[in-house]
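Dear colleague,

Please find the structure below, handed over for your own work. A summary of the findings follows it.

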Amino acid sequence: MKHTLSILVENKPGVLTRVAGLFARRAFNIESLAVGLSEDPRLSRITIVIDGDEHPVDQVTKQLHKLINVLKIRDLQPDNSVSAELLLVRVAADGDKRTDALQIAEIFKAKIVDVDRRALTLRVVGTNDKVEAMLELLQPLGILEVVRTGTIAMGRGKG
Amino acid sequence: MTPDKKMKGSQALVAALEHEGCEVMFGYPGGVAIPFYDALYDAKKLRHVLVRHEQGAAHAADGYARATGKVGVCTATSGPGAANLVTGIATAYLDSSPLVAITWQVRSDLIGTDAFQEADITGMTLPIVKHSYLVKSSADLPRIVHEAFHIASTGRPGPVVIDIPVDIALGELAYRDADSIDLPGYRPTVKGHVKQIRAAAKAINEAQRPVLYLGGGVIAADAAPEVLRLAELRRLPVATTLMGLGAFPETHELSMGMLGMHGTVTANYAVHECDLLINLGARFDDRVTGKLKAFAPHARIIHADVDPAEIGKNVEALIPIVGDAKHVATGLVGELEGMEWPAERTAEWLARIAARKDEFPLHYEDPKDGKLAPQLVIQEIDRLTAHDAIICTDVGQHQMWATQYYTYRYPRQFISSGGLGTMGFGLPASIGAKIGNPDKTVVDISGDGGFQMTMQELATAVSYDVPVVVCILNNGYLGMVRQWQDLFWNKRYSFTCIEVQPDFKMLAEAFGAVGLLVTEKDEIEPALREALGCGRPAVIDFRTSAAENVFPMVPAGQEITEMIGGPGNKGRKS
């Protein structure tokens with residue numbers, strides 16, 4: 001099962017290296033990682049998605065807690081959190097394919113952000129499932145390039 | 001409060017170290033370290049010991065820390081100097097030793113340009129430090145030093161690196177002693193949860209076959225008196241790890257000695273058969289557990305550790321307690337004192353353990369090649385120092401014999417690289433231990449392989465008049481690897497024979513130390529008496545038998561019942 005960890009860290013040089021380095025040192029695989037400033041400019045928030053079947057989440061969390069610059073870690077559950085990721089995808093769209101691509105974009109409320117004779121670039125924001133579903137539908141048309149931000153997530157309500 | 005005083009960063013560092021109570025540091029100068037060494041030249045309280053190689057500085061500081069319980073401090077210049085500390089920092093990390101390593105760095109504006117003697121030491125040490133700093137401003141120095149000492153010495157101790165660019169040492173600041181700590185992300189839990197302690201006490205009270213399994217955490221938390229009280233209160237048989245040697249007196253009737261790969265038959269079978277295993281400050285290391293699935297198969301497990309990440313890492317505990325050994329043992333004693341307990345509950349168990357101690361003592365035979373039995377040499381060191389010396393070791397067979405044949409009675413008496421297994425640790429660590437305990441006899445038990453890795457530190461011992469006694473168990477082999485080749489690799493002794501080596505007696509004399517050679521049994525005592533009594537650094541070259549192996553032995557990854565030299569497998573001795 002996938003786990004989304006929301007990690008509040010001090011916004012200091014080298015902190016991301018420490019977090020990423022810990023995953024390397026303990027041989028934990030990262031599925032995705034996103035980092036940015038939090039509501040407090042002295043703090044950053046890192047969202048990491050890991051496969052909980054492969055590594056005990058408990059052990060990952062405890063090791064993270066040992067880093068001096070890590071202040072708080074939440075293991076966000078799907079039923080009480082919201083999550084999203086942003087995807088840019090360039091898909092082949094010449095001839096008949098163009099209509100298909102536009103239809104898929106419409107269904108997923110993706111925005112067309114670039115276009116030329118042969119291809120379209122779509123931008124979509126959504127949960128990991130939604131992004132994956134759109135990629136699957138675009139696959140037969142020919143995906144030329146994919147860039148994704150990785151999941152960011154937040155607890156619901158007052159958290 | 002001291003008024004702010006204008007000074008340079010280098011002077012502020014000396015002041016801050018002195019403020020932390022640092023009396024001695026071990027180091028080696030170099031280009032970008034010159035400003036600091038210039039300030040050190042005027043230091044009134046802080047003493048600096050010049051080693052002969054930076055690795056020696058790290059091990060000496062580590063040995064000082066382990067022997068005294070205080071923070072050990074070492075320093076080295078940028079690039080190669082700092083890189084030479086790495087093995088020592090990793091050694092301290094794996095054994096949770098409080099070390100502060102100060103490295104010097106090229107000028108801030110040169111960082112990243114591949115400048116002369118530039119190395120990214122904070123990057124290189126990232127996986128082997130508890131924390132590290134790259135100092136950005138001279139004004140931060142007092143705070144960073146204060147934080148570094150706090151982090152290194154509290155919770156689960158460990159090494160902290162402070163990397164200081166040379167311009168920070170030259171920059172001016174208004175110095176004031178730092179006394180407050182603001183580390184929102186660092187709050188170690190030292191007090192165990194009352195409910196968990198109560199549950200553990202209940203389990204201890206009910207157990208019919210309990211075993212107390214002690215690790216280095218007991219020594220780090222200064223918990224030996226509380227643990228002794230706990231063991232005596234419910235007559236708990238005690239097994240210690242290598243790092244835990246000295247946490248419980250081996251002269252005590254409840255002591256079963258060390259457990260694990262080269263542990264005693266009694267300790268290992270007690271763990272195998274117990275119905276309750278009480279782990280205080282140990283980490284279920286693979287050298288202790290052997291095959292994890294078969295470890296303590298009948299036991300309920302209590303695991304108390306100050307590091308929550310250790311709990312559940314290797315073995316699932318029925319009753320986990322996050323807290324240090326001192327608080328937990330005190331709490332357990334408090335609970336148990338209020339409970340009824342019939343002594344006959346564990347009587348059968350204690351009788352079984354006593355019988356096994358009689359049946360399976362550690363033993364060895366006189367080597368057939370006429371050379372010295374290494375075990376005998378250690379027994380003689382034990383006898384002639386009256387179980388009272390601080391023993392430092394390198395890594396390998398001699399280290400295991402030192403665990404088996406010396407009698408440890410008090411914490412911080414046995415100083416050895418347990419986790420990382422660093423050859424060359426012994427001599428520099430013994431120098432640090434002796435400097436920290438000038439009134440104690442300090443003996444470094446080493447092998448001919450390990451000694452040659454850091455033997456240049458004899459010059460340090462001689463120049464600072466640090467009278468450590470180095471006992472080399474010289475069998476002309478890298479003995480532990482040879483032992484594995486002997487037992488598991490068809491006696492193919494690939495590159496483990498090191499018969500061509502210096503004459504250690506002459507070598508010691510060349511350094512200005514006392515050198516002695518012992519080849520016969522009856523020379524052991526006079527040589528040891530001379531070395532122990534001469535008041536100078538001394539080296540004794542004991543010519544021991546290469547055919548001797550360390551037994552008992554649980555082969556790596558096997559069950560305890562597969563022990564060579566144990567009840568189920570007596571015959572497989574070499």
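In which strand is Val113(A) found? Val113(A) is found in strand 6 (residues 111-115) of chain A, where helices (H or I, at least four residues) and strands (E, at least two) are DSSP runs, numbered from the N terminus.

This is a predicted model, in which local features need pLDDT of at least 70, side-chain atom pairs count only at pLDDT 80 or more, and totals for chains, interfaces and linings use all residues. Residues are numbered from 1 along each chain as its sequence is written, chains are lettered from A and ligands numbered from 1 in the order in which they are written, and side-chain values use heavy atoms, with hydrogens and water left out.

**Chain A**

Val113(A) is partly exposed, at 39% relative accessible area (buried means under 20%, exposed over 50%, partly exposed in between; 1.4 Å probe, protein chains only).

**An open sheet in chain B**

Six strands of chain B form an open sheet with parallel pairing, in the order 11-10-9-12-13-14; two strands pair if DSSP finds at least two bridges between them. At its edges lie strand 11 (255-258) and strand 14 (319-322) of chain B, each pairing on one side only. Within chain B, strand 9 (residues 210-214) and strand 10 (residues 238-240) pair in the parallel sense over three bridges. Opposite Leu214(B) stands Thr240(B), in strand 10 of chain B.

**Strand 20 of chain B**

Strand 20 (residues 538-543) of chain B is mostly covered, five of its six residues being buried. Strand 18 (residues 469-474) of chain B runs parallel to strand 20 of chain B and is joined to it by six bridges; here Cys471(B) stands opposite Ile540(B). Strand 19 (residues 514-518) of chain B also runs parallel to strand 20 of chain B, with five bridges, and Gly515(B) has Val539(B) as its bridge partner.

**Cysteines and a loop residue**

How many disulfides does the structure hold? Over all chains there are zero disulfides (pairs of cysteine sulfur atoms within 2.5 Å). Cys22(B) is in no disulfide, and the nearest cysteine sulfur, that of Cys74(B), is 10 Å away. Cys22(B) counts as buried at 7% relative accessibility, and Cys274(B) is buried at 0%.

Glu20(B) lies in the loop between helix 1 (9-19) and strand 2 (24-28) of chain B, and is partly exposed at 23% relative accessible area. Its C-alpha atom is separated by 9.3 Å from that of Ala178(B), 158 residues apart along the chain.

With kind regards
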